[in-house]
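Please look at the sequence and the model together before reading on. The paragraphs below proceed from the chain as a whole to its parts.

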Amino acid sequence: MEDIKNEETIENIEESPVSTEADADAKYKELEDKYLRAHADFENTKKRLEKEKQMAIDYTSEKFAKEMLPIIDSLELALAHSGEAADGDKLREGVSLTLDTLVKTFERNGIKQIAINGVFDPEMHEAIMQAPSEEVEEGHIVATLQKGYIFKDRVIRPALVSVCKK
């Protein structure tokens, strides 16, 4: 009888490591899965933060550009209202050169004027009014009230336009 008990004990001991080994293997798989998920989440967060950092670097000049746009507007208005008087030729020439230099500097730094010909684009233009026109089709831009600018791929100021309505 004692031999039978010893055999049962030996069988239980032999089965016990097998079930413990299976439990350990399952636990290992579970932990490995958790690790892989955490690592993937970390890598995704790292990539997202790197992209956000790069965008922040790329668009640091945007605020400065927005503040410079009224200067361009003022120089353009000064040229438009300078008239044809001979006594203002030197002043007009100076304002024109200053404006050209400023516009070229903007272009070198990725700030460009929004195209204002053709079809109205609500992402680039802001319709201030509608006006009838025989020269352009309906939905096209009739006149520009204020120039718009784009910095890289972002609109920093939409063009204020008048759109044709028949």
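In this predicted model, contacts may be sorted by how far apart their residues stand in the sequence. Among the contacts in the protein with a separation of 6 or more, 63% are between residues 24 or more positions apart. The protein has 166 residues, and 21% of these count as buried.

The secondary structure comprises three helices and six strands. Read along the sequence, these elements follow the pattern α-α-α-β-β-β-β-β-β.

Let us begin with a pair of helices. Two packed helices are described by the angle between their axes and the distance between the axes. For helix H2 (residues 62-80) and helix H3 (residues 89-108), the axes come within 10 Å of each other and cross at roughly 150°. Because of this angle, H2 is roughly antiparallel to H3. The crossing of H2 and H3 is left-handed.

Which residues in H2 and H3 meet? On the side of H2 they are Ala65, Met68, Leu69, Ile71, Ile72, Leu75, Glu76, Ala78 and Leu79. Their counterparts in H3 are Arg92, Val95, Ser96, Thr98, Leu99, Leu102, Val103 and Phe106. Sorted by class, the contact of H2 with H3 has 13 nonpolar residues, two polar residues and two charged residues.

We now turn to the strands. Tyr149 stands opposite Arg157 in S5.

Lys152 lies in the loop between strand S4 (149-151) and strand S5 (154-157). What is the phi of Lys152, given that this residue is not a glycine? The phi of Lys152 is positive, at about 55°. Is Lys152 buried or partly exposed? Lys152 counts as partly exposed, because its relative accessibility is 43%.

A further open sheet of three strands has the order S2-S6-S3, with mixed pairing. Its edge strands are strand S2 (125-131) and strand S3 (141-146), each of which pairs on one side only. On average, neighbouring strands of this sheet are turned by 30° against each other, direction ignored. S3 and S6 pair in the antiparallel sense over four bridges. Gln146 stands opposite Leu160 in S6.

Ser162 is found in strand S6 (residues 159-164). Ser162 counts as buried because its relative accessible area is 1%, which falls under the limit of 20%. Leaving aside its neighbours within four places in sequence, which residues are in contact with Ser162? They are Met129, Gln130, Ala131, His140, Ile141, Val142 and Ala143.

Ala143, one of these contacts of Ser162, has its place in strand S3. With a relative accessible area of 31%, Ala143 is partly exposed. Apart from neighbours within four places in sequence, Ala143 is in contact with Leu160, Val161 and Ser162. Ala143 can also be related to Ile116, which is 27 residues away along the chain. The C-alpha atoms of Ala143 and Ile116 are separated by 8.4 Å.

Technical notes
Residues are numbered from 1 along each chain as its sequence is written. This is a predicted model: local features need pLDDT of at least 70, side-chain atom pairs count only at pLDDT 80 or more; totals for chains, interfaces and linings use all residues. Side-chain values use heavy atoms; hydrogens and water are left out. Helices (H or I, at least four residues) and strands (E, at least two) are DSSP runs, numbered from the N terminus. Buried means under 20% relative accessible area, exposed over 50%, partly exposed in between (1.4 Å probe, protein chains only). Contact means heavy atoms within 4.5 Å. Axes are lines fitted to C-alpha atoms, for helices over the stretch in contact, and angles run from 0 to 180 degrees between N-to-C directions. Angles under 35 degrees count as roughly parallel, over 145 as roughly antiparallel, 65 to 115 as roughly perpendicular and the rest as oblique. A crossing is left-handed if the near helix is turned anticlockwise from the far one by less than a right angle, and right-handed if clockwise. Ala, Val, Leu, Ile, Met, Phe, Trp, Tyr, Cys and Pro count as nonpolar, Asp, Glu, Lys and Arg as charged, and the others, Gly among them, as polar. Two strands pair if DSSP finds at least two bridges between them.
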